[in-house]
Amino acid sequence: MSFFSWKKVRVETAEEVGLSDEKKAQIDAVVASWGEVSRSGRKSTYDASEAPMQIVTAEEVAYFVHAMEAEAARLDAAATELQKRRLAEIAERDAQIASINREIEAMKAKARTEDDEIHRRAEARAKLLAVVAKIDPSLDASKITKDADIRREVVRRRFGDEAVNGRSDAYIDERFESLEARVNVDPFAAVVKDGLKPSDGDLRGASERAYQQMVADLNNWRH
């Protein structure tokens, strides 16, 4: 059968009544052809060699209209279902893309956190090595892997094995911090922290020197 064309259908009015099985089959075939063409999106064509189907009686017209309405409803339902599937596929793809983007952002955040931690540890190690160089210049702490082992070795070298054997890391840290506080003291700040308090002898000496300088200046001016 060729593709559907409305030229295949001819509606005529007549006094005849009734609907034969043969006519039902013809109507069903025409409607099915129309539905197939509509679903496929193809263009309908007309084959002039095929005689058009004639719809004559009121029953035939009613049956044809009912068949067309039913086929149209099926087409609408199929189109709606297809649209739902497409929307669901789009939503699924969007969800997958969003999930991938979240994973990428999580990986970026993890990388930034790891980089920050690396920088923090590097800065902490550099600061620790600088302090150790002040406390014990003879110790090459750069060859020691762990910071805790560096502190323990410094404390051992300054206070002996008894200061570290069986001691917790917290205790070692406290002893190391006391050494760090000593080497980081500003000598001038230590002197002036309680204020400058010159002795009475210093004041008298300064006053006498000022008097002698004034007398010398007057004598020079007279000459």
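A: Happy to! In α2, the buried residues are Glu60, Phe64, Ala67, Met68, Glu71, Leu75, Arg125, Leu128, Val131, Val132 and Ile135; buried means under 20% relative accessible area, exposed over 50%, and partly exposed in between, using a 1.4 Å probe and protein chains only. This is a predicted model, where local features need pLDDT of at least 70 and side-chain atom pairs count only at pLDDT 80 or more, while totals for chains, interfaces and linings use all residues. Residues are numbered from 1 along each chain as its sequence is written, and side-chain values use heavy atoms, leaving out hydrogens and water.

First, the setting. The protein has six helices and two strands, in the order β-α-β-α-α-α-α-α along the sequence. These elements are DSSP runs numbered from the N terminus, with helices (H or I) of at least four residues and strands (E) of at least two. Of the 223 residues of the protein, 18% count as buried.

Now to α2 itself. Its 78 residues should span 116 Å at 1.5 Å a residue, and its end C-alpha atoms are 114 Å apart, which agrees; the expected span is 1.5 Å times one less than the number of residues.

Glu71 counts as buried because its relative accessibility is 5%. Its side chain makes a polar contact with the side chain of Arg74 (2.5 Å). A polar contact is a pair of N or O atoms within 3.5 Å; within protein, one must be able to donate a hydrogen and the other to accept it, and residues adjacent in sequence count only if both atoms are side-chain atoms. Leaving aside residues up to four places away in sequence, Glu71 touches Val31, Trp34, Gly35 and Arg39, where contact means heavy atoms within 4.5 Å.

Elsewhere, α2 meets helix α4 (residues 169–183): their axes come within 10 Å and cross at roughly 70 degrees. Axes are lines fitted to C-alpha atoms, for helices over the stretch in contact, with angles running from 0 to 180 degrees between N-to-C directions. The two helices α2 and α4 are therefore roughly perpendicular, the class for 65 to 115 degrees; under 35 is roughly parallel, over 145 roughly antiparallel and the rest oblique. Lys127, Leu128, Val131, Val132, Lys134 and Ile135 of α2 make this contact with Phe176, Leu179, Glu180 and Val183 of α4.
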